[in-house]
Amino acid sequence: MALPSYRLDLFVRAGLLNPQRVLIYLYEKNLISAPYLNVVSVDLNGMTAPNKPPGTVPMLRVPDGTIINQSIAIIDFFEDLCENPMEEWHKEFAKIAMKGSMRGNTAQERARTREKLGIADELTLQIGWAAHKGNKLFSAHEETNVDASRLMLQCARKTMRLLEKYYTQETRTWESGEVTVAECVLFAILAFANDFYGIKLAISDRFPALARFYEEFGKRESTKISPGEWESLAHIGEAMGQSWMFEDVW
């Protein structure tokens, strides 16, 4: 059944990795408070909310009832919608969106954004696998393997070195001004690794450019999580940071 005219339901939980990607993006795009966008915070126990279909978050339900589940797909959906509005409700979003594409305005800029986005997404997978295989809190749900965890962290360090090369070329400040979707995704994993896995990925003596990016971007309003939202998550991060199955994680 189609939703009421023009309404989009976005089911998220601030602070969680993939939802935070989308929330940062929507804030930077100036769409977080857009008319017709209903942002719903789910309950941590079971990821439930009124009228939410089963499944993980983020989850976007568009006016024709279509469900979009993946964070980058949701971001691309809004970028496409604003760049080429075809229906009336598309135009309503495009009117209030930040001017210009967050993927780049030229072929070269878009290619560079896709490069950085792909590498940041790869880093996200590597850190996630390392935690699932090397942290005691996951042992009740899946088989752990310290060697596999160490290998993933080794791969993550190589990925960080690759990202460092891109951000060494950046001389701008990250506290304000326009950013791309790649920065939204990159900050989300740097923050999540620090807050939930107890891993400070962007160590200044190893990755000075990424450390500067993380510190400065973290001052943007788009990255803020309300005390109420964070209170229910803080104990999880504290426990996970103390539950690695080996020392010298990073």
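Helices (H or I, at least four residues) and strands (E, at least two) are DSSP runs, numbered from the N terminus.

## What you're looking at

This is a predicted model, where local features need pLDDT of at least 70 and side-chain atom pairs count only at pLDDT 80 or more, while totals for chains, interfaces and linings use all residues. Residues are numbered from 1 along each chain as its sequence is written, and side-chain values use heavy atoms, leaving out hydrogens and water.

## The annotated stretch

An unreviewed UniProt entry carries the annotation "domain: Glutathione S-transferase C-terminal" for residues 146-221; such annotations may be inferred rather than shown by experiment. That span is 64% helix and 0% strand, with its end C-alpha atoms 37 Å apart.

## Two helices side by side

Helix α4 (residues 107-134) packs against helix α5 (residues 146-168) at about 160°, and their axes (lines fitted to C-alpha atoms over the stretch in contact) are 8 Å apart. That makes the pair roughly antiparallel (angles over 145 degrees).

Sitting in α4 is Leu123, which is buried at 0% relative accessible area (buried means under 20%, with a 1.4 Å probe and protein chains only). Leaving aside residues up to four places away in sequence, Leu123 touches (heavy atoms within 4.5 Å) Ala156, Thr159, Met160, Leu163, Leu186, Ile189 and Leu201. Thr159 is 36 residues from Leu123 in sequence, yet their C-alpha atoms are 6.2 Å apart.

## A tucked-in helix

Now for helix α7 (residues 208-217): seven of its ten residues are buried, so it's largely enclosed by the rest of the structure. Phe213, Tyr214 and Phe217 are among them. The cover over the buried residues of α7 includes α1 (17-28), α5 and α6 (181-196).

Notes. Axes fitted to C-alpha atoms, helices over the stretch in contact; angles between N-to-C directions. Parallel < 35°, antiparallel > 145°, perpendicular 65-115°, else oblique. Buried < 20%, exposed > 50% of the residue type's maximum accessible area, 1.4 Å probe, protein only.
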